[in-house]
Each structure stands twice: as C-alpha cells, then as structure tokens.
Amino acid sequence: MNHVIRLKSRPIGTPQPKDFEFIEEQKPEPKDGEVLLKTKYVSVDPYLRGRMRDQESYIPPFQLNEPIESGIIAEVVASNNDNFKEGDFVNGMLQWKEWQTSTGNGLNKVDPDKASLSAYLGVLGLTGLTAYISLEQIGKLKEGETLLVSGASGAVGSTVGQIGKIKGCHVVGIAGTDEKLKLMKDRFGFDKGINYKTTDDMAKAIADACPNGVDVYFDNVGGEILDAAMENINKDGRVINCGAISLYNETDVPTGPRYEGTMVRKTVLMQGFLVRDHAKEFGPATKQLAQWLNEDELNYEETIVEGFENIPQAFIDLFEGKNKGKMVVQI
Ligand code: NAP
C-alpha cells in the first residue's frame with residue numbers, strides 16, 4: 001500500500017495536525033514513458049502555508065482532499081522513460097506520497113556523490129538560490145556595508161548571512177533563541193545576533209548592533225521586525241522582501257507605521273522577490289553556491305525529522321522556530 005497526506009481543512013491561524021489527513025491507496029504502476037519514484041526527502045517550507053488559503057496568488061492554492069506537494073528528492077525505482085534509469089535520484093515538485101509516478105516533466109537529476117541528497121532541497125536548492133539571486137539582484141552588497149537579516153538561523157537566512165561575510169560586510173542576524181545566535185556566530189560567522197523574543201526595543205537593539213546603520217535589510221519575517229529595521233535604514237538602503245512568516249498565520253493583517261517619508265528621505269529601494277521567477281539564473285547561481293561549499297566558504301545546517309507520518313508536524317514546527325537551518329523530512 002501507499003501512504004498519502006492530503007489537506008483536510010484550511011488552517012485558521014497556526015496549522016494544526018487535524019488540518020492534514022493520512023490515507024492509504026494502491027501503490028501505483030508506471031505506464032509507458034513514466035517513472036516510479038520512491039520518496040527519500042521532503043522539504044517543508046513556510047510558503048506552503050499560503051497555498052493552504054483559498055486565495056489567488058503566484059501559485060495555485062492546494063485543493064481540499066487532494067495531496068499536498070512540495071520539493072522532494074526521490075529515487076527512480078522503475079523506469080519506462082529513456083531519460084531516467086533505475087537508481088537515479090531526482091528533485092522536483094512532487095506530492096506527499098511514499099510512492100508516485102511521473103512523466104519526468106519538471107524532474108532534475110541530482111548527484112549524491114557531489115552533495116548529500118538533502119542539500120539539494122536546501123543550500124543547493126531553492127533556499128540557497130533565493131538567498132544568492134536576491135542578494136545579487138536587489139541587495140547588491142558592497143564591501144564594508146552592513147547587512148541585517150531576520151529569520152537568520154533558518155535555511156534562507158543562514159545562507160544570506162554567510163554570503164554577506166563572503167562579500168566583506170558587517171552581518172547582523174535576528175533569530176528567536178540564544179542557541180540560534182550562538183550557531184549564527186560560531187558556525188556561520190555572523191558578527192552580531194539579536195534575540196527578538198527577549199528584546200523589548202528592537203529598533204534600539206538594531207541600532208546598537210549596527211553602529212553604521214543598515215545598508216541592506218533581508219526580510220524573512222515582516223511585521224514589527226521590518227518596522228524596527230526601517231528605523232535604522234541608511235541613505236540608498238535596499239530592503240529585500242523575501243518572506244513575512246510573522247504574518248502567515250494572521251487572520252487580520254495588522255497595520256504598522258508608514259514608511260513613505262523614510263523611503264523618500266533615504267531614497268530606499270524595497271523590492272519583493274520570488275525565486276520561481278528566476279529559473280534562468282539557477283544554473284550559474286548553483287555553480288557559485290557549490291563552489292563556495294567545496295571551498296568551505298559556505299556551511300549549512302539541517303534539521304532532519306524522520307518518518308513520513310511526521311511531515312505535517314515538521315511543517316507546523318517551522319512556525320515555532322523548532323528548526324535550525326533547513327527543515328527536511330527523511331523517509
Ligand atoms: P526557515 O527560516 O528555515 O524557518 C522558518 C523560521 O522562521 C523559524 O525557524 C523561526 O525561527 C522563524 N519564525 C517563525 N515564526 C516567526 C515569527 N512569528 N516571527 C519571526 N520569525 C519567525 O524557513 P525558510 O525556508 O528559510 O524561509 C524563510 C523565509 O523566506 C520565509 O518567510 C519564506 O516564506 C521565505 N522564502 C521566500 C522565497 C521567495 O522566493 N520569496 C523562497 C524561499 C523562502 P526563529 O526561532 O528565529 O523564530
């Protein structure tokens with residue numbers, strides 16, 4: 001039998017286990033031109049929360065009583081497709097199923113001898129690409145500048161901070177535990193860290209950690225932390241709106257201060273970023289990330305949860321900050 005995870009109800013507020021449903025179905029057989037895939041690693045990502053809402057977005061919402069999909073590394077266990085052979089490993093947007101068939105469309109082969117399979121969902125996957133491409137295109141870091149990043153010990157944030165150090169910047173990260181701040185300094189080389197859960201005055205904490213102001217703010221969380229960063233933004237500052245996890249579970253989006261005056265006075269650029277719009281740049285960007293990894297300029301951390309049945313909880317745990325680095329589920 002095959003196990004499948006479907007969206008049972010659209011979460012209200014923080015997602016709950018009851019919003020997910022486990023069903024059993026027959027293990028599929030590959031038809032002509034298809035491959036049979038065995039799931040090995042499942043990526044759980046904050047943006048999946050947006051797809052659980054019934055609203056128009058850059059990607060269609062999940063349908064109720066249908067399997068959820070995300071980035072998955074799978075093994076080809078049978079192939080009727082000339083482009084893939086048994087034993088290949090592939091990366092693709094696949095369904096939360098232990099077994100599934102595919103025509104091969106949208107699947108990319110990955111090499112387990114070059115990097116661990118799970119790394120293709122993190123530092124060598126969409127999270128690494130998000131960090132690198134958005135910094136290149138919007139951040140345009142210059143040596144000696146100050147880079148502030150929120151969600152700093154997570155998958156995207158930890159890569160962002162390290163790229164900042166490679167570019168010779170003063171890097172300050174914001175995260176939710178002191179243990180994460182230690183990881184950011186010891187393993188990722190950040191200069192300073194701010195624990196937003198134990199800091200009363202975020203704007204002052206940022207001012208203290210960034211004595212020359214903030215040249216680039218990489219925003220993974222939105223909300224009040226973005227407001228505090230804007231109070232410290234420099235002339236010609238750049239703000240990369242990558243994500244807003246602090247708002248993903250809100251039912252009414254809270255209002256905040258207005259930035260128009262700051263943006264005019266300081267001639268700030270604030271730009272949203274979607275990695276899926278940049279597929280043409282994935283090749284060279286992956287090459288650069290892989291080179292930094294090989295040269296030990298870039299480190300990465302993973303929180304690996306085991307077991308197909310634990311996929312929904314691993315996803316829910318992202319909103320509690322239970323991960324360090326990329327959260328993946330090993331099947
Ligand atoms: P992640 O940072 O590895 O995991 C999420 C982290 O967010 C948690 O570990 C937690 O760390 C923090 N968090 C949770 N709730 C929070 C809150 N209310 N306020 C502040 N921080 C909170 O996830 P990721 O995959 O790297 O994604 C990071 C952000 O980038 C997300 O917003 C995601 O949607 C976005 N993203 C965007 C793109 C794109 O193309 N635009 C692509 C990938 C990811 P703490 O312990 O520090 O709270």
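## Ligand shell and parallel sheet

Val239 has Met270 of strand 13 as its bridge partner. Strands here are DSSP E runs of at least two residues, and helices are H or I runs of at least four residues, both numbered from the N terminus. The model is predicted, so local features need pLDDT of at least 70 and side-chain atom pairs count only at pLDDT 80 or more, while totals for chains, interfaces and linings use all residues. Residues are numbered from 1 along each chain as its sequence is written, and side-chain values use heavy atoms, with hydrogens and water left out.

**The sheet.** Strand 12 (residues 233-241) and strand 13 run parallel, joined by four bridges. Two strands pair if DSSP finds at least two bridges between them. Six strands make an open, parallel sheet in the order 10-9-8-11-12-13. Strand 10 (192-195) and strand 13 (269-272) are the edges; each has a single partner strand, so one side of each has no neighbour in the sheet. On average, neighbouring strands are turned by 15° against each other, direction ignored.

**Helices on the sheet.** Contact means heavy atoms within 4.5 Å. Axes are lines fitted to C-alpha atoms, for helices over the stretch in contact, and angles run from 0 to 180 degrees between N-to-C directions. Helix 2 lies across strands 8, 11, 12 and 13, at about 145° to strand 12. Helix 3 lies across strands 8, 9 and 11, at about 170° to strand 8.

**The ligand.** Helix 2 (126-139) and helix 3 (155-166) each supply at least two residues of the ligand shell. Lys180, Tyr196, Phe273, Val275 and Asn323 come nearest among the 27 residues around the ligand, where near means a heavy atom within 4 Å. Polar contacts are pairs of N or O atoms within 3.5 Å.

| Backbone atom of | Ligand atom | Distance |
|---|---|---|
| Val156 | oxygen | 2.8 Å |
| Cys242 | nitrogen | 2.9 Å |
| Val275 | oxygen | 2.8 Å |

The protein buries 90% of the 910 Å² that the ligand exposes alone, by the Shrake-Rupley method with a 1.4 Å probe.

Conventions: A polar contact is a pair of N or O atoms within 3.5 Å; within protein, one must be able to donate a hydrogen and the other to accept it, and residues adjacent in sequence count only if both atoms are side-chain atoms.
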